[in-house]
Amino acid sequence: MAVTGYLLQGPRVALRHVLREDYEELTALVHDSAEMLQRWLGAREQTEEAFSSYLERFDQPTHEGFVICLRSTGAIVGGVNINNIIRGALQSGTVGYTAYASTAGHGYMTEGLRLLLEYAFGKLELHRLEANIQPDNAPSRNLAKRLGFQREGYSVAFQFINGAWRDHERWALTAEATTTA
C-alpha cells in the first residue's frame, strides 16, 4: 500500500481511514494473529463480502474506521474503530481496537491510539470516548490506562463472543482529560 492519505502522523506511525484495498493485508494479519485474537474477538468471517459489509458501516455518520500504519513503509500495525457515535448533547463514541501478533509489544498501538484520540477530540469534535474491555484482557486494559482512560464500571453479559455473553469493564476518557494528562 502506498503511503498516502494519512490523517495524522506520529514519530513512528500514522493514522488513516481503512480502505477496500486493505482487504488482503488485513486478512493476512488477522490470519497470522488468530491465536492471539481468538479469545477476545472470536471467529470472524474473512471473506471479501464480509469485509465489504464492514466497510459499509463507515458510510454512516455513526461509525469511523481507521488503520494504524508504520510511517516508514505504510504497513498496517493495528486497527481502530469509533462506533456508536452520538452527536448533540453527548458527543460520544465507543472505541474498539486491534493489535496484530507480528507488531504487538512495540508501542505502535499506544502511539496510534494517541493519534486517534487527537483526531476524535479534534476533527470529529467528540467529547467522550468509551472502551469496553473484557476483564482478563490485561494488554487492552493496560493500553487504556496508558492513554488516560478511567475504569467507570462493569457490564455483565455485554457482548456475544465465542458462543457466550462476555462481561466487560467500561473505560472512558473525555477531551478535557487528554489536555490535563
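I began with the contacts (heavy atoms within 4.5 Å): in the protein chain, 63% of those with a separation of 6 or more join residues 24 or more positions apart.

A note on what I am reading. This is a predicted model, where local features need pLDDT of at least 70 and side-chain atom pairs count only at pLDDT 80 or more, while totals for chains, interfaces and linings use all residues. Residues are numbered from 1 along each chain as its sequence is written, and side-chain values use heavy atoms, with hydrogens and water left out.

**Overall fold**

I looked up the secondary structure next and found six helices and eight strands. Helices (H or I, at least four residues) and strands (E, at least two) are DSSP runs, numbered from the N terminus. I read their order from the N terminus as β-β-α-α-α-β-β-β-α-β-α-β-β-α. The radius of gyration is 16 Å, close to the 16 Å of the globule rule for 181 residues, so the chain is as compact as a globular protein of that length. That radius is taken over C-alpha atoms, and the rule is 2.2 Å times the number of residues to the power 0.38.

I also checked burial: 45% of the 181 residues count as buried. Buried means under 20% relative accessible area, exposed over 50%, and partly exposed in between (1.4 Å probe, protein chains only).

**Arg-141**

I found Arg-141 in helix α5, residues 138-146. Arg-141 is buried yet has no salt bridge, and Glu-169, the nearest side chain of opposite charge, is 4.0 Å away. A salt bridge here is a side-chain nitrogen of Lys or Arg within 4 Å of a carboxyl oxygen of Asp or Glu; Lys and Arg count as positive and Asp and Glu as negative, with His and the chain ends not counted. Beyond its neighbours within four places in sequence, Arg-141 touches Ile-133, Pro-135, Asp-136, Glu-169 and Trp-171.

**Leu-41**

Leu-41 sits in helix α2, residues 34-41, and is partly exposed at 28% relative accessible area. Setting aside neighbours within four places in sequence, I see Leu-41 in contact with Thr-98 and Ile-161.

**Two positive phi values**

I then turned to the loops. Gln-91, between β4 (76-86) and β5 (92-99), has phi near 50 degrees, a positive value in a residue other than glycine. Gln-91 is buried, with a relative accessible area of 16%. Asn-162, in the loop between β7 (150-161) and β8 (164-174), is not a glycine but has a positive phi of about 50 degrees. I noted Asn-162 as partly exposed, at 35% relative accessibility.
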